[in-house]
Amino acid sequence: MRVAVCGAAGRMGRLVVRKAVENGLNVVQAFDINEVGKDAGEIAGVGKLGVPVQDDVSKLDADVMIDFTVADAAVQNAKIAAEKGIRIVMGTTGFTEEQRSVLEELGKKVPLLLSPNFSLGVNVFFKVVEFAAQFLSEFDVEIVELHHRHKRDSPSGTALKAAEILKNVLSEKGKTLDVKTCRDGISPRGEEIGVFGIRGGDVVGEHTVFFFGNGERIEITHRATNRECFASGAIKAAIWLAKVDEPGFYSMSDVLGF
């Protein structure tokens, strides 16, 4: 399987290149606006691969593209990949509703797998949250996420995914809830799911869903202590997607068989 990595010079991109090599995948292209001309393998710490970092994604030629860039660039990269019939593993977050709709349309042309978080643990976390919500519909629900100081989007895509799951489950229980990402001044709690981001230091990622009842509280937490779990999940997704023949808009739930 020939893999192209977009964002190959970034923190996640370097890990993806390394994990791809460790799993026997053939990294044939690397794209980034930084470190152009340098060998992607040397940047990733796996030795020379003979794959220089390029900044022109129009030259994309692979079986699967793995993208960890920024939202605007990722949408353009996905359009190029879809036009060339290349499968897409999308790990970039921070998309607007309009951008997400574009990706969903591209999923009608090629297999496209989008996930806000490729950690296997986080995807099990989503299922646990979904299960708990089915029995705790009368509880107040809040989500708090912590990330490092350099994270661009807030709240995180993972937190918003958890909120989406909760909103869907609780709507089936007859509760219509808004997602609220800010409280300021006089702001009593309404029919809502609060989602709040904290930024600082080098926190890789931590997400907690709180279920508040009268006299009791349940907390469901996932903590990532390094980024390798994300890169390993992305490689697992790429291997799975390479075997998919039908276009579609897939997720890690499909990979894990949930």
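What follows is a short chat about a predicted model.

Biologist: What should I know about the model and the numbering?
Modeller: The model is predicted, with local features needing pLDDT of at least 70 and side-chain atom pairs pLDDT 80 or more, while totals for chains, interfaces and linings use all residues. Residues are numbered from 1 along each chain as its sequence is written, and side-chain values use heavy atoms, without hydrogens and water.

Biologist: How much space lies in the largest pocket?
Modeller: About 1,000 Å³. A pocket is an open set of points on a 1 Å grid over the protein atoms alone, where a 1.4 Å probe fits, with protein on both sides within 12 Å along at least five of seven lines.

Biologist: Which residues are closest to its centre?
Modeller: Met12, Phe68, Thr69, Val70 and Arg152, out of 46 lining residues, where lining means an atom within 4 Å of a point.

Biologist: Switching topic, how many aromatic pairs are there?
Modeller: Five. Rings of Phe, Tyr and Trp (its six-membered ring) pair if their centres lie within 6.5 Å; planes under 30 degrees apart are stacked, over 60 edge-to-face, the rest tilted. Phe125 and Phe126 form a tilted pair, 6.0 Å centre to centre with 50° between the planes.

Biologist: Is Phe125 buried or exposed?
Modeller: Phe125 is buried at 5% relative accessibility, and Phe126 is buried at 6%. Buried means under 20% relative accessible area, exposed over 50%, partly exposed in between (1.4 Å probe, protein chains only).

Biologist: And Val124, where does that lie?
Modeller: In helix α5, residues 120-135 (a DSSP run of H or I, at least four residues). Val124 is partly exposed at 41%.

Note on methods. Helix = DSSP H or I, 4+ residues; strand = E, 2+ residues; numbered from the N terminus. Points joined across faces, edges and corners; volume = space filled by probe spheres on them.
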